[in-house]
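Let's take a friendly look at some aromatic rings and a few backbone angles. Keep the sequence and the 3D view open while you read.

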Amino acid sequence: MSTVDELRDKLELLQGTLEVLILRSLRAGPNHAYGISQFLDTQSDSQFVVDNGSLYPALQRLLQQQWIAAQWKVTPNGRRARYYRLTPLGRKQLVAATSKWQRFVEAMARVLAPEG
Amino acid sequence: MPRWWSKVRYALQRRRGLDDDLGDEIGAHIEFLYEENLARGMTPAEARTDARRRFGNSTVTRERAAETWRFSAVETVLQDLRYGLRSIRKTPGFALLILLTLALGIGATTAIFSVVYSALLRPLPYPAVERLAWLGESTPKASGVSVTWINFEHWRNENHAFAEMAAFNWTDRTLTGRGDATLTHGLLVTSAFFHLTGWRPISGRLFSLADDQPGATPVVLLSYEFWARTMGADPHAPGEVLDLDGKPYQIVGVLPPGVKFGRAVDYYLPLGPAASKTVNRSQHGSIRALGLLKPGVSLESARADLDGIMRRLALSDPGPEDDHRSYAGSLTETVTGDARAPLMVLMAAVGLVLLIACANVASLLLMRGVARAREIAIRAAIGAGRGRLARQLVTESLALAVLGGAAGVLLAWWWMRALVLAGPASIPRLAEAKLDLPVLAFAAAAAIFSGLLAGLAPLLAAQKLDLTLALKEGSGAVAGGRRGNALRYGLVVAEIAVTLVLAFASGLLIRSLVVAQTSDPGYDHRHLLALELQLPGGTYKTDDARRQYYSQLLQNLRAQPGVESVGAVNMPPSAGESSDFWYSIADQPAPQRQDVPITLFNIADSGYFSTMGIRLRAGRWFSDTDKPGGPAVAVVNEQFARKWWSHPRLAIGHRIKYGGPYMPGDVFQIVGVAAGVSQMGLDAEPYPEVWLPFSQQSSGAMVVMMRTAGSPAGLIAAARRQVASLDRNVPIQSLKPLDEWLGTSLELRRFLTALLAIFAALAMVLAAGGIYGVLNYWVNAHQKEIAIRLAMGARRSAIFGWAAGRAFRLALAGIALGAFGAWGVSRSLGSLVFGFAAGSPWMILGATATVMGLAALSAGLPLWRAARVDAVRWLHDF
């Protein structure tokens with residue numbers, strides 16, 4: 001029962017936000033899909049539900065935009081994994097999207113803030 | 001558009017490895033989760049299961065990720081299509097059967113539509129054709145009769161509804177001075193005619209207002225075909241002279257190839273100079289008018305406008321036709337009117353055939369749907385949505401329909417060629433039927449419609465599929481479920497019903513044709529040669545000259561060996577066009593002006609009746625004593641006599657007043673009564689008719705009938721020689737055995753009947769296939785049940801009866817439904833049924849018996865199989 005409540009309390013991702021979050025997660029360095037979802041989970045204090053059914057298509061869309069590139073590499077503990085990294089185009093996109101989101105968040109906060 | 005470009009590049013790289021990459025990536029992801037779980041202290045088995053659970057549906061994830069690389073809408077359709085085509089390839093016999101069925105239905109429908117489109121729907125090739133109106137006068141008895149020249153001039157000058165108005169009149173003239181005298185066809189027109197048709201000359205000029213004036217120099221405008229044929233396409237033709245009926249006409253121009261108004265003519269002449277000789281409002285020729293409605297003016301208000309003019313004229317210029325009003329109909333409808341009913345019947349019939357074809361395909365797809373129930377259930381179980389499954393099924397049936405439609409268009413091409421070759425001349429523009437864009441669009445629409453219709457049944461059945469049942473091994477209940485069964489039986493019932501309707505309709509028409517062909521037309525039509533002549537008006541101006549000519553010709557022909565007797569008549573039986581006129585009976589009370597009766601007036605010589613073998617009911621035929629200037633006499637037919645008197649013999653001695661009591665006209669005494677002769681064709685009832693003696697009422701246009709000892713065709717050459725030797729300048733309009741004349745009067749009926757019979761046969765073959773298929777399927781699905789019943793001691797005859805009972809109930813339901821349809825058909829066929837009552841029970845009983853027989857025949861094999869189920873083998877299989 002608690003899991004259901006937990007799920008209900010979690011935030012649904014808005015359209016287009018997952019892509020920005022992925023780009024942000026790759027700013028620190030290349031990572032694989034599992035790593036990305038780990039990162040998003042911890043950074044959001046498990047507030048975001050990132051289901052793999054959305055994560056993988058989002059990764060493909062970013063590849064198609066050429067904002068990220070993929071490469072098979074071996075992990076530190078000897079496993080093969082597909083690593084994604086930001087391209088220069090992706091870096092620019094991240095900057096643009098970040099400032100856009102910040103403006104959005106501020107505007108939302110101003111509008112929703114209690115009067116006075 | 002980098003994203004789009006990446007997709008294209010990816011598509012060009014043939015998506016090498018994407019699926020593998022995604023698979024490996026997801027595998028690695030799950031491995032990470034697994035290791036994380038191990039680190040948390042789970043057992044390997046727990047860790048594995050939990051990792052999978054936490055990852056979620058890996059197949060869906062993989063598919064969704066792969067999907068982002070596709071042009072999704074197109075891709076899914078292509079994927080469905082690929083899948084559909086694969087399943088078609090896997091069951092080629094089944095697919096071929098469906099394709100053939102669809103091709104037959106769509107092909108026949110498309111071919112008939114091409115004819116319908118050409119005859120009824122394709123716009124006539126004139127500018128602003130939707131505003132062109134066909135104008136004539138109407139009387140209290142008849143509408144659309146000819147307009148008199150003076151009335152036309154009033155209409156043209158005083159109307160407010162028309163932008164422009166032209167009069168026209170067909171004419172036949174003898175061409176001389178260019179080889180043998182030939183009969184040529186022309187159209188007399190006023191100069192405005194060419195504005196309305198939008199024609200431009202390829203050389204010379206059209207008619208001008210000056211050509212419309214009385215006393216204008218006679219001019220002629222040639223059709224391209226006549227110019228090419230008769231003048232060798234001589235570029236210097238304009239300026240030359242053409243001799244028509246012995247009168248010179250100056251050629252002023254040549255029209256472009258292919259243009260025509262109604263039937264093709266050789267040339268056009270100005271109508272004005274000839275028509276303006278008329279002096280009163282009741283002097284009718286055969287003038288009709290063409291009007292271009294002003295934009296926004298309806299036919300009704302145009303008619304009201306012209307009626308107003310007629311009412312004013314009745315006051316200012318009273319005459320015998322003051323009760324005449326106007327007639328205005330759309331040109332398109334007037335031209336296509338007669339062919340409309342038969343073509344609509346054909347279109348409806350072929351549409352029914354297409355429906356049966358769809359029903360068959362639907363039931364085939366249903367059966368395959370059952371065979372695929374498990375496959376569909378598995379797809380649903382692993383996450384295919386209902387919408388996705390439906391799209392797959394519909395795509396498959398559409399793919400089949402499109403292939404079937406393509407094959408159907410090929411078939412339609414052959415069909416259409418055959419229709420054009422075999423079709424009667426009375427279907428307008430039949431020769432112009434072609435598979436052009438609108439017809440192909442129709443074929444495409446028919447194919448898509450068929451695909452959707454046929455695809456509907458398996459779709460409905462699939463929606464109700466019970467997954468748990470379907471997935472159970474060997475479950476008998478997979479058989480499409482209750483809904484699938486109901487659909488299948490419904491389809492059979494519908495097929496039987498439609499087949500019954502078609503069988504009934506074609507039965508009605510076949511019987512009508514037989515009646516028309518075998519009914520006694522009132523004379524002996526065999527061994528008669530008909531020679532149709534039209535004396536040139538210029539040379540044969542007087543009654544005497546015409547009588548002189550015909551009496552000499554008949555005498556010469558009678559002297560030919562092989563000719564038994566000779567007679568002449570103005571309008572032979574089945575000539576169709578004939579002249580009716582008002583009359584009254586002298587010693588009967590005069591009718592009201594609007595009730596003056598009309599009858600056919602014909603002209604015959606003294607030898608005509610005996611030559612034709614027409615039976616005399618009372619009195620006598622014409623004789624040599626009926627001299628010009630002597631007491632005027634008439635012979636009437638039985639129908640005429642019975643209209644007025646209780647017995648034909650009582651008609652003798654009464655007098656007929658030509659034109660009725662309100663018009664000047666001669667009085668004829670009835671001297672004889674003939675048996676009924678159907679004037680309008682073999683498939684029309686005889687109409688009251690009056691013959692006047694040629695010796696007292698001459699005409700230049702006569703048909704000479706020769707009764708021959710042997711084959712009438714053998715005398716054609718001799719007859720032609722006799723005509724030429726008497727006067728080279730008299731053209732022969734036609735010369736052929738009377739049977740050929742009569743044949744053409746039944747042409748349209750024969751055509752219609754043959755096609756309807758073909759469609760009924762097609763329907764029967766398709767329905768037989770449908771019944772067979774469904775029953776066969778039923779027996780297959782119930783073999784186990786039958787085996788158990790047999791094992792429990794049921795007799796084979798009881799099994800047979802059980803299965804037959806089911807078939808019989810289906811047939812009965814279909815017949816009950818079809819009988820309703822047949823009742824509707826018998827009412828709507830109307831005038832196409834001739835010689836007996838369409839509602840007569842025998843025809844419906846006959847059709848029912850035929851369809852029952854058909855059902856029994858096609859049910860036979862499946863029923864036999866039901867009774868022969870090998871119980872032992874089936875029970876071993878348990």
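The report below goes through ring pairs, charges over rings and backbone angles.

Before we start, please note that this is a predicted model.

**Ring pairs**

A pair of aromatic rings is described by the distance of the centres and the angle of the planes. Over all chains, the structure holds 39 aromatic pairs. One of them joins B:Trp134 and B:Phe168 in an edge-to-face arrangement, with 5.3 Å centre to centre and 70° between the planes. This pair links distant parts of the chain, since B:Trp134 belongs to strand β1 (residues 132–138) of chain B and B:Phe168 to strand β3 (residues 162–176) of chain B, 34 residues apart.

B:Trp149 has a relative accessible area of 4%, so it is buried. B:Phe152 has a relative accessible area of 0%, so B:Phe152 is buried as well.

Here are the two pairs in a table:

| Pair | Kind | Centre to centre | Angle between planes |
|---|---|---|---|
| B:Trp134 and B:Phe168 | edge-to-face | 5.3 Å | 70° |

**Charges over rings**

Which residue lies over the face of B:Tyr34? It is B:Arg48, at 4.0 Å from the ring centre. Elsewhere, the charged end of B:Arg789 is placed over the ring of B:Trp802, 3.9 Å from its centre.

**Backbone angles**

Most residues other than glycine have a negative phi. A:Gln66, however, has a positive phi, near 60°. You can find A:Gln66 in the loop between α4 (52–65) and β1 (68–74) of chain A. Its relative accessibility is 28%, so A:Gln66 counts as partly exposed.

B:Ala233 is not a glycine either, and has a positive phi of about 55°. B:Ala233 is found in the loop between α10 (224–231) and β7 (241–244) of chain B. With a relative accessible area of 31%, B:Ala233 is partly exposed.

Key
Residues numbered from 1 in each chain as written. Chains lettered and ligands numbered in written order. Predicted model: local features only at pLDDT ≥ 70, side-chain atom pairs only at ≥ 80, totals over all residues. Heavy atoms only, no water. Phe/Tyr/Trp six-rings, centres within 6.5 Å; stacked < 30°, edge-to-face > 60°. Helix = DSSP H or I, 4+ residues; strand = E, 2+ residues; numbered from the N terminus. Buried < 20%, exposed > 50% of the residue type's maximum accessible area, 1.4 Å probe, protein only. Lys NZ or Arg CZ within 6 Å of the ring centre and 35° of its normal.
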